[in-house]
Amino acid sequence: MISFNLFVLPFSLGLIYLLYMIIRWWSIWIRGLPAEDQKKFRTGIFSRNFFSALKEVFLESLIHRKMFRRNALLGYMHMSFAFGWFLLILCGNIESRIYSTTHVNPPYYPIFLKFFIHDRTVLWFEINTVPGFFRFLMDFLLLFVLSGLVLAMVKRGRPKWFGMKRTTHHQLTDKVALICLWLIFPVRLIAESFTDGYYGAGGGFLTQHLGNLMVLIFHESSRHIAYALWWAYSLLLGIFFVTLPFSRFWHIPSEVLLIFFRQFGITAKKSTTSFTEVEIGACSRCGVCIDVCQLGYAAHIHDIQAVYFLRSVRDEQVNRDILLRCLVCGRCQEACPVGINADSIRLIERNMFSGSHASDFTYLPADPPQKAPVLYFAGCMTHLTPAIIRAMKGILKQAGVDYLFLDEKGTVCCGRPIMLSGKYEQAEKLVHFNRELILQSGAHTLVTSCPICFRVFREEYKLPIRVMHHSQFLLELIKAGKIPLQAFHRKVAYHDPCDLGRGGQEYDAPRELLAKVAELVEVPQDGEDSLCCGGSLGIYTISSRKRDLITHDALRNLTASQPEVLATACPLCKKTFSKHAEIEVLDIAEMVYDAMPE
Amino acid sequence: MAKTIVVIGGGVAGMTAASRLADLGEKVILLEREDQTGGHLRQWDRLFPNRRPGYEVLDFLMENLEHKVDVRCNQGISSVSQQPSGFSLELEAGESLPCDALLLATGFDLFDAHKKEEYGYGIYDNVITSADLEMMFRSGQKITTRQGDAPSRVGFVHCVGSRDEKVGNLYCSKVCCVTGVKQAIEIKEQFPGAEVFGFYTDLRMYDRHFEEMYYEAQQKWDINFLRGRVSECAENQDHTIVLKIEDTLTSRPLKMTVDLMVLLVGFVPSPETLRLAAMLGIVVGEDRFLEPVDEHTRSNFTIQPGVFLAGASKGPFSISNAIADAGEAALQIHEYLRTL
Ligand code: SF4
Ligand code: SF4
Ligand code: SF4
């Protein structure tokens with residue numbers, strides 16, 4: 001006989017709807033991938049990567065490993081919800097199969113098991129193994145989830161304990177889904193307790209004792225209360241499932257698919273593909289990106305952080321400010337536990353948003369360059385900081401490098417600034433122009449002083465030669481003994497430029513170089529966590545006052561150990577800091593140049 | 001009992017206000033950080049618009065102080081605080097100075113041209129500031145490049161450190177345009193054959209005789225004014241300077257070589273002004289100059305009763321404006337003291 005009661009309907013219908021939505025969207029997304037990515041997906045499924053993906057789903061979606069790394073309490077909270085609920089479902093299923101009297105096991109059966117089977121004390125499984133095993137286990141798991149719930153409530157009032165200052169400002173659907181989620185487990189607890197209490201059996205250490213207590217108070221009406229609670233439980237589940245696709249919790253199915261995509265080698269493109277859509281869906285609105293954003297805590301702009309930006313994209317509510325007010329500093333994506341590339345998504349959106357650009361760039365000069373083994377490309381920004389150029393010229397001469405100063409007489413922009421505004425096609429023309437020049441020179445190494453150029457040369461130019469930032473090249477020269485250096489003992493704080501550090505993944509060369517000419521002091525937030533100087537070319541609609549706030553914030557961090565000099569490896573950072581710094585600001589090339597004997 | 005006023009800052013505004021207050025019978029102490037009064041005026045050779053020697057004005061102001069005002073030089077202030085009756089100043093020398101009213105005449109600093117690195121000040125030999133040029137004029141020697149040659153092409157760059165969001169100063173410094181025109185003429189006086197250029201954003205010839213001087217510069221001295229901002233410059237092998245500029249009247253990018261490039265540096269609030277303002281709780285504007293209670297009708301008052309402002313701590317001022325403003329401040333203080 002199949003156990004059935006009307007109250008299972010909200011749950012069952014909700015579940016069917018949710019499954020339908022997941023299957024529908026997963027297939028839309030998979031089919032919407034570009035052809036090459038679809039191929040990757042098909043081969044991926046039958047490769048070892050499938051299992052790596054499964055493992056990652058387990059570690060990230062259930063255990064929330066990255067959250068743990070951020071903050072143990074935060075990690076535990078997420079894990080107890082996700083992993084706890086997962087175990088409840090899994091163990092409940094096993095339990096229901098063991099106790100089931102039929103072969104039909106509809107999905108609602110394990111969920112409402114206690115309603116259908118009151119007394120589970122006498123079955124063979126438990127008699128032969130551990131008495132009360134499942135009763136204990138299921139209560140324990142419920143408690144596990146409930147502990148997460150308590151923490152989630154505590155987090156509202158004391159986000160600091162969870163390593164957070166601000167939490168996400170949620171929308172209505174998010175709130176509805178959240179309230180359901182929060183109520184589901186306490187209601188389940190009481191429903192089970194009432195049932196166990198009324199029948200005097202079937203409960204574990206938690207539900208049975210609580211149930212017995214309830215019966216003492218409510219006597220015979222316990223049965224009706226229990227029934228009402230089972231309805232409430234089912235309704236809550238049903239509502240949660242139906243709102244899920246429209247709420248932040250949609251991130252769960254999205255993230256799972258995202259993990260598979262990534263494991264199969266699928267990446268974001270320059271325009272929206274399914275991959276980007278899945279990334280957008282995978283944002284859990286955890287709010288980790290909020291605290292790290294300097295625009296928020298230093299410049300009091302609180303509505304553009306990755307979480308809000310991604311939400312606006314998902315809701316098709318993108319506006320100018322949310323798009324253009326962002327330093328594209330990469331701090332949020334570095335911190336994001338889901339690894340969402342919010343910066344690239346913002347650039348894609350900017351591309352769709354930006355109008356056309358009149359210039360056809362026909363004014364670009366076109367003299368073929370001389371041949372040289374090494375090219376030095378200062379970049380537009382470095383032309384605004386002639387001290388860096390002077391230093392580079394001096395060092396290269398001293399080291400006897402046979403080089404050509406490609407943009408000595410004038411610069412054709414590397415293309416990144418216009419790319420940051422989303423104008424890829426126009427940038428492409430600049431890229432093409434410079435690329436031709438570089439290739440014509442026959443050089444084997446391209447050295448630039450500007451991390452902005454460095455990044456775009458590496459990411460977009462597809463050059464068959466070595467592309468180096470001057471910190472890397474100078475270090476190489478020093479190691480080859482080509483630059484004699486005097487000992488120097490100035491206390492120096494090093495600032496990681498966004499595009500060299502997070503953008504170019506080069507943190508060590510500048511430090512190694514500086515250590516040879518100065519004494520490096522500690523900077524509280526550095527490396528991957530380093531701050532933006534505020535000079536970013538990627539932000540368009542903020543006042544210079546707000547920029548100043550960001551600069552001051554970064555300076556506070558950099559001067560925490562009272563350095564005598566602030567060293568950076570980017571002409572733009574140098575200019576930005578010089579505006580406000582009370583100590584000398586120098587590029588590492590200048591520091592090396594100064595340390596060379598006369 | 002006689003009331004005491006302390007005037008902080010012995011520049012044009014401070015000197016004027018102190019002597020006016022003394023004329024009005026008040027007891028004044030003038031504190032000056034440097035070893036003599038005179039402020040920036042001491043650094044200036046000839047004044048616009050009539051190119052009279054700066055020392056004439058300086059001498060006039062100095063004479064007015066004599067025998068009337070208690071002038072104390074080399075007096076740095078370590079702190080200032082409000083007292084139940086008036087104020088108390090702690091001097092760096094250790095002395096403590098009570099007073100009934102304070103006048104902040106702390107003036108301005110010149111913009112540090114190093115901060116506009118793209119112009120190469122301190123990096124290229126032949127990039128100097130308007131203040132440097134003025135000192136050269138004062139020395140009485142002929143102007144030369146760093147290499148000792150007579151310049152045959154000289155460029156004046158307007159708005160260095162002013163009207164420039166990139167350095168954080170949105171305001172116009174008001175007097176650098178006219179200074180630039182004056183200095184350009186003075187270069188031509190020395191080198192009639194030289195080519196002289198002014199690169200400007202707008203020419204702000206706001207006061208009497210200024211426009212005439214600008215007219216003279218073009219008509220009589222054949223000085224070229226090009227509208228456009230210098231974006232960057234570089235140094236040639238021979239130490240001449242190539243500058244890049246967009247001529248915004250013809251919308252063409254230009255490159256030009258000069259032997260000497262003069263940066264017309266603007267006003268910035270001095271750190272000392274800001275430090276004292278913070279101690280006294282005086283409002284500082286977005287531009288970091290001090291904010292009077294009402295810029296039209298009570299421009300010498302601050303929100304702190306007994307603390308007054310005069311001169312360039314409130315923003316860019318010419319000498320004549322500073323003198324007029326300081327005279328008004330003296331009258332206001334005089335009246336304020338009678339209410340105590
Ligand atoms: S972008 Fe990442 S860090 Fe920010 S809310 Fe979404 S998942 Fe969390
Ligand atoms: S890229 Fe930087 S500025 Fe933009 S949202 Fe992320 S942290 Fe904030
Ligand atoms: S006075 Fe002239 S040079 Fe000075 S800031 Fe104003 S416009 Fe620029």
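K479(A) is exposed, with 54% relative accessible area. Exposed means over 50%, buried under 20%, and partly exposed in between (1.4 Å probe, protein chains only). The model is predicted: local features need pLDDT of at least 70, side-chain atom pairs count only at pLDDT 80 or more, and totals for chains, interfaces and linings use all residues. Residues are numbered from 1 along each chain as its sequence is written, chains are lettered from A and ligands numbered from 1 in the order in which they are written, and side-chain values use heavy atoms, with hydrogens and water left out.

K479(A) forms a salt bridge with E512(A), at 2.9 Å from N to O. The term covers a side-chain nitrogen of Lys or Arg within 4 Å of a carboxyl oxygen of Asp or Glu. This pair links distant parts of the chain: K479(A) sits in helix 26 (residues 470–479) of chain A and E512(A) in helix 27 (residues 508–517) of chain A, 33 residues apart. Helices are DSSP runs of H or I with at least four residues, strands are runs of E with at least two, and both are numbered from the N terminus. E512(A) is partly exposed at 34% relative accessibility.

Over all chains, the structure holds 46 salt bridges. Another one joins the side chains of R331(A) and D529(A), at 3.1 Å from N to O. R331(A) belongs to helix 19 (residues 331–335) of chain A, and D529(A) to the loop between strand 6 (519–520) and helix 28 (544–558) of chain A, so the bridge ties together parts 198 residues apart in sequence. R331(A) is buried, at 5% relative accessibility. D529(A) is partly exposed, at 34%.

D548(A) and R545(A) meet at 3.2 Å, N to O. They are 3 residues apart in helix 28 of chain A, so about one helical turn separates them. D548(A) is buried, at 8% relative accessible area. R545(A) is partly exposed, at 22%. In chain B, salt bridges with shared partners join R46(B), R51(B), E134(B), K182(B), E186(B), E189(B) and E216(B) into one network.

Now to the ligand. Ligand 2 is surrounded by 13 residues, the closest being C293(A), C326(A), C329(A), C332(A) and D343(A). A residue counts as near if one of its heavy atoms lies within 4 Å. Helix 19 and helix 20 (342–353) of chain A each supply at least two residues of this shell. The shell has 8 nonpolar, 2 polar and 3 charged residues. Nonpolar covers Ala, Val, Leu, Ile, Met, Phe, Trp, Tyr, Cys and Pro; charged covers Asp, Glu, Lys and Arg; the others, Gly among them, are polar.
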